[in-house]
Amino acid sequence: MAKEKVNKTKVVAPKTKFNKTYIKRYWQLYALLLLPLVYLLIFKYVPMRYIILAFKEYKLNMPLRDMPWANVKGQTDYFKYFKMAFKNPDFLRALRNTVKLNLMDLVMGFPAPIIFALILNELRFSKFKKVVQTIAYMPHFLSWVIIANLVTTLFATSDGLVNNIITRLGGEEFSFLSIPSHWVGTYIGAGVWQSFGWGSIIYLAAIAGINTELYEAASVDGAGRFKKMWHITLPGIKPTIVVLLIMNLGYIMGGGFERPWAMKNNLVIEACEVISTFVYKNGIQQLKISLTTAVGLFQSVVGLFFLLTANTISRKLGERGIW
Amino acid sequence: MKIRSASSKIGDWIFVLICVIISIICVVPMVNLAAKSLSGTEYLIRHDVFLWPKGFNLEAYQTVLSDPKYQRAFVWTALLTFVCTILSLTMTALCAYPLIFPGLKGRRAINIFITITMFFNAGTIPNYLLMNDLKLLENPLVLIIPSCLSIYNMIIMRSFFYGIPDSLRESAEIDGASFFQILIKIYVPLSKPVFASLALFYAVGRWNGYGDALMYIKVNKQYFPLQLLLYNILNNTNAVEVAAQEGFMQPGLKDSLKSATVMFATVPILLIYPWLQRYFIAGVTMGAVKE
């Protein structure tokens, strides 16, 4: 992969001058790009101007530049809202939970697709393999609203399917959802369930790219199934594993909104509140605009730092980055 | 060909068994849901339904399908998904195609301009304030325009375009075709697999998404996509209103109705994705190997 990249970037652009013939030939390309670039400008760059609100006092119906700088009793303190956030126990909890849930997602969710791909690779019946794959991709196509509902119907204490089976078999009810530490397990499990099949696609492609002669040679040498898996397949997909691991580490501060919002419940509020849900509740529902803008900026900047670091490491190892 | 040893054959069957178990874990929740949606109330109250419907009936589906609220939401979400997919594919192609020309001046700057948006996000609140300024709050367009281009998908399409031989483009240029004609006559027809794959990604994203609607639309409930409607019903916001309307007060009926509603919102995608498997596998793989 790395070599390909080098070749591509070495393609030297033909040296043409920016003159009439160039414009006559190329104007259409700029015209095509116009709409996407305007879109990015408006929806990705223009919002950045509101970031300044993290350092200002938000006032409704006032132009952005007229809003006063953040201040404590008239004393300007640009970082008032950042300090406020880091004194806010709810935010600190959300920050901890974000990192914790992301890390656990990584620990449980990262190896799952690799293991699944290795297992699939051992199947000899291609029709059966295809059916298993199709089934394993299914959870990826369910929305979090629906997955959250499936989780409740399966794992609820009084009327969930799993607990029904447990009690019928004479066991004791297990609260999967109402005790924070159990809820975390269920949340992570739902994530693994949703993504392991989909995640395996990339590894299957990498496995397909391994030279089959290696396997034949190993068979001749008398290597068994697991020896081949360990000495050929795993080394063959190692570059893919390394890149994906590093990039995943880069998203450790990130966090979607739809999954935690759909799966949260009030009994485990101390475990399920993450930054995205904190921002939604405090910002959009309660209009603490400056505070939540500051929180969002903090998350974006730290996220940027992690991503750039991940990208640099990935490139240092001779692999591609994400750009 | 070497004859496979007995122990290796046993090994094969162990892997088959593991895969069967994994598949069961994947489908059981949906099967259970389907069974509940088709079961009679009396069995549901006793929590007697597992994988097969008991007291088979279609009442829950009749209720859901004849409820104008669900019909509306379904049609609206289908329309939304269709428009979003077409628009997003167009935007993606418009963005990807010019960037494959090495002779395009300013390509580097444009690439940087695009890449920055992948790394840095202004954040939820700035985005919300932007929608407010653009008068997009409570506006159905807010579900279409802000998400109409994914740079990640653009990179996938660009990789695919890179894979089309330059010679095709060059010979068309010699024949006097403009760059726009080349896009329409050569690149689009040759790129059906990547369009199919990205169409699925965009469509699933829109069909399943509810976060944007939750944030940007509060009053105009007629614009709620199916998933948000579902979220509100499943989580019993406005419990009294919803419960009274839907017969959600009766415990058994509640179960079958909920299940039928979820099935109603899920089945369309479950019917489509297996047919596009070949394409989305190619799409995911291409996103990984890039140019």
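The numbered points below take these topics in turn.

1. This is a predicted model, in which local features need pLDDT of at least 70 and side-chain atom pairs count only at pLDDT 80 or more, while totals for chains, interfaces and linings use all residues. Residues are numbered from 1 along each chain as its sequence is written, and chains are lettered from A in the order in which they are written.

2. In the interface, 68 residues of chain A are in contact with 73 residues of chain B (contact: C-beta atoms, placed from the backbone, within 7 Å). On the chain A side, α2(A) gives the largest share, 11 residues (helices are DSSP runs of H or I, at least four residues, numbered from the N terminus).

3. Helix α4 of chain A covers residues 89–109 and reaches 29 Å from its first C-alpha to its last, close to the 30 Å expected at 1.5 Å a residue (expected span: 1.5 Å times one less than the number of residues). Its buried residues include A:F91, A:L95 and A:D105 (buried: 20 or more other C-beta atoms within 10 Å of its own; exposed: 12 or fewer). The face turned away from the buried side carries exposed A:P89, A:L92, A:L103 and A:V107.

4. The largest nonpolar core has 142 residues, of which A:V295, B:Y97 and B:M157 touch the most other members (core: buried Ala, Val, Leu, Ile, Met, Phe, Trp, Tyr and Cys residues joined through C-beta atoms within 7 Å). A second, separate core of 5 residues includes A:L244 and A:L307.

Terms used
Two residues are in contact if their C-beta atoms, placed from the backbone, lie within 7 Å. Helices (H or I, at least four residues) and strands (E, at least two) are DSSP runs, numbered from the N terminus.
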